[in-house]
Amino acid sequence: MSDVVVIGLGNPFRRDDGLGHAAAAAVADRLPATTVVLLDGEATRLVDAWAGKRLAVVIDAVSTGDPPGTLHRIEVGVDTLPDPPAGRSTHGAGLATAVALGRALGRNPELLVVYGVEPGDFSDGRGLGPSVRNALAQLVERIVTEVQASCA
Amino acid sequence: MTHEPKSSRTLATEALARVEGEGAMRVQIHDGRVQEIQLNIYEPPRFFEGFLRGRHYQEPPDITARICGICPVAYQMSACRAIEDALSVQVDGPLRELRRLLYCGEWIQSHTLHIHFLHLPDFFGLDSAVELAATNRPAVERALELKKIGNELLELIGGRAIHPINVKVGGFYRVPSRRELLAFRPKLEQAREMAAEVVLLVAGLDFPDLEVSHEFVALRHPEEYAILDGGIVSDAGLAIAEAEFPDHFEELQVEHSTALHARIRERANYLVGPLARYSLNSDRLHPEAAAAARAAGLGPTCRSPFRSIVVRAVETLDVCEVALEIVDAYEAPDAPAITVEPRAGTGHGATEAPRGLLYHRYSLDHDGIIADAVITPPTSQNQASIEDDLARFVSLNLDLSDDELRRGAEVAIRNHDPCISCATHFLDLTVDRS
């Protein structure tokens, strides 16, 4: 599974924004042979993390307006990611910028999938809110199943 | 943006692009004269100085690191040195060298980020590094590799690349073995080679004829290109110890910014950062970096904000050379930190963040609890000078369209690599031609 990477994004000090790290840690427990990386979302480090991989799974909070706890699966290149915040502060240069930069440099993985959960609480503090906490097991199960299927 | 009669224009940029953090710019022009220029820093106040009060003296390196994800080491180093000054201890020998080495990692990643991802697109008329990657892929690939080595050096010494966790008052929690550092040497050699190529790349850019006359302020060390310590000097003759900073510099609140401005009490606004640092210290560069600077067309001083990209590239090469020297000479210290005991006192610490002089002051009670904290970041100190640069640029280019004027004004700001988040206590452009 060295050609697979699972990347947890987010900030564990902002409640539900910690779901990416929490889910990635749970995937690491289930799939010890898979490379698992925890990042804050900075674009250049994201490109480094997934360059040369066959499959990259990125886990993050995904806000679409659906009810908190709703699971999302976005396949980059098939589904639509928001446009990168072109020319804005580097502090806003995250996943979409990384995808655009990786594409320009030919460094994106063959398959890039974003798994996310609709957050309900971005307030200060550690610990996931109940809606995201309840969705976590199902999220991890779907990711483990997809990674295992890709390696079968 | 409004488009009014030529005699009366208002230009507004609601969110400045390719800067660290968020701010706006407003320019008012009346009868062909610039009436008012404002850098509006609207990131909310962050209150770091306030919530450091009541904290233990060992906490600021970890708390203040959170001020910035690009230059956390600068905050950690200024904090440590200020508190160690208050506690009357001095960290030297291999612990000081490890601090310099950690700081080298930060300069490599921060300068590489600004050169390629924020500044370089301006010289090619591009909007982003993503566009630059499409037109100059090798340069962006090299930048990613160079930045990565900087991050890895931060991880090696600091425990992680962003907000390092291994720094403490008195030294470190853990120090690397000589073998660990020597194992990293090939990457530093690779970084040196790439940094030299970056100097050649930026030396070949076209630079507008513009020089600034701000007073330059930077640290100066007797032997080194000052990063970690030194006296505070200026090209107008200022030469003071860090502890005298409050006697000669004052911070001012202005209505249009959540970041304090700063001025030299006896005179006016001033500039910190690469131009100041280089102009006051070019004789302290490593010989290889000095030779690269000369080959790139730099003299002993540099007053062109556009050429700051060359200075940053030379400084990146310099810290690669410095890092190699530190690694070669390193012998692990007997203990990862020196013992410090709490005592009442006030201490001052100034270091050279990638964006310029960063000053901290702490007052401790006899239990080592912080009674008062002052943090003066580089971008705060530079705001008034950046506004001067903007006023000058707009005054000289009133015949440009609003869009051209706005783009040029943003470049004038990016030349100084402002870190708005650090300063907040920043950029949208409004031009008012009335």
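# Helices and sheets in chains A and B

In this predicted model, helix 3 of chain A has these buried residues: A:Leu95, A:Thr97, A:Ala98, A:Val99, A:Ala100, A:Leu101, A:Gly102 and A:Ala104.

Reader: How many of the residues of helix 3 of chain A are buried?
Author: Helix 3 of chain A spans residues 95–105. It is mostly covered. The count of buried residues is 8 of 11.

Reader: Which helix of chain B is included in what covers the buried residues of helix 3 of chain A?
Author: The cover includes strand 1, helix 2 and strand 3 of chain A. Chain B contributes to this cover as well, through residues 129–135. Those residues are helix 5 of chain B.

Reader: In what order do the 5 strands of the open sheet of chain A stand?
Author: The pairing in this sheet is mixed. Strand 2 (35–39) and strand 4 are the edge strands, each pairing on one side only. Neighbouring strands are turned by 20 degrees against each other on average, direction ignored. The order is 2-1-3-5-4.

Reader: Is strand 5 of chain A largely enclosed or left open by the rest of the structure?
Author: A residue counts as buried if 20 or more other C-beta atoms lie within 10 Å of its own. In strand 5 of chain A, 6 of the 7 residues are buried. The strand is therefore largely enclosed.

Reader: Which residue of strand 5 of chain A is the bridge partner of A:Ile59?
Author: Strand 3 (residues 55–61) and strand 5 of chain A run parallel and are joined by 7 bridges. The partner of A:Ile59 in strand 5 is A:Tyr115.

Reader: And which residue of strand 5 of chain A is the bridge partner of A:Leu71?
Author: Strand 4 (residues 71–75) of chain A runs antiparallel to strand 5 of chain A, with 5 bridges joining them. The partner of A:Leu71 in strand 5 is A:Val117.

Reader: At about what angle does helix 4 of chain A run to strand 5 of chain A?
Author: Helix 2 (residues 43–50) of chain A lies across strand 1, strand 2, strand 3 and strand 5, running at about 155 degrees to strand 1. Helix 4 of chain A lies across strand 1, strand 3, strand 4 and strand 5. Its angle to strand 5 is about 165 degrees.

Reader: How far apart in space are A:Gly125 and A:Glu146, C-alpha to C-alpha?
Author: The two are 21 residues apart in sequence. Their C-alpha separation in space is 31 Å.

Reader: Are helix 4 and helix 6 of chain B roughly parallel or roughly antiparallel?
Author: Helix 4 (residues 93–123) and helix 6 (residues 137–158) of chain B pack at about 155 degrees, with their axes 8 Å apart. Angles over 145 degrees count as roughly antiparallel. Helix 4 of chain B is therefore, relative to helix 6 of chain B, roughly antiparallel.

Reader: What is the handedness of the crossing of helix 12 and helix 13 of chain B?
Author: Helix 12 (residues 378–396) and helix 13 (residues 402–414) of chain B pack at about 150 degrees, with their axes 9 Å apart. The contact includes B:Phe393 of helix 12 and B:Leu405 of helix 13. Its residues divide into 8 nonpolar, 1 polar and 1 charged. The crossing is right-handed.

Reader: Which residue is the bridge partner of B:Tyr362 in strand 14 of chain B?
Author: In chain B, 3 strands form an open antiparallel sheet in the order 12-13-14. Strand 13 (residues 356–364) is joined to strand 14 by 6 bridges. The partner of B:Tyr362 in strand 14 is B:Ala373.

Technical notes:
Residues numbered from 1 in each chain as written. Chains lettered and ligands numbered in written order. Predicted model: local features only at pLDDT ≥ 70, side-chain atom pairs only at ≥ 80, totals over all residues. Pairing = 2+ DSSP bridges. Helix = DSSP H or I, 4+ residues; strand = E, 2+ residues; numbered from the N terminus. Buried ≥ 20, exposed ≤ 12 C-beta atoms within 10 Å, placed from the backbone. Axes fitted to C-alpha atoms, helices over the stretch in contact; angles between N-to-C directions. Parallel < 35°, antiparallel > 145°, perpendicular 65-115°, else oblique. Contact = placed C-beta atoms within 7 Å. Left-handed = near helix turned anticlockwise from the far one by under 90°. Nonpolar A, V, L, I, M, F, W, Y, C, P; charged D, E, K, R; others polar.
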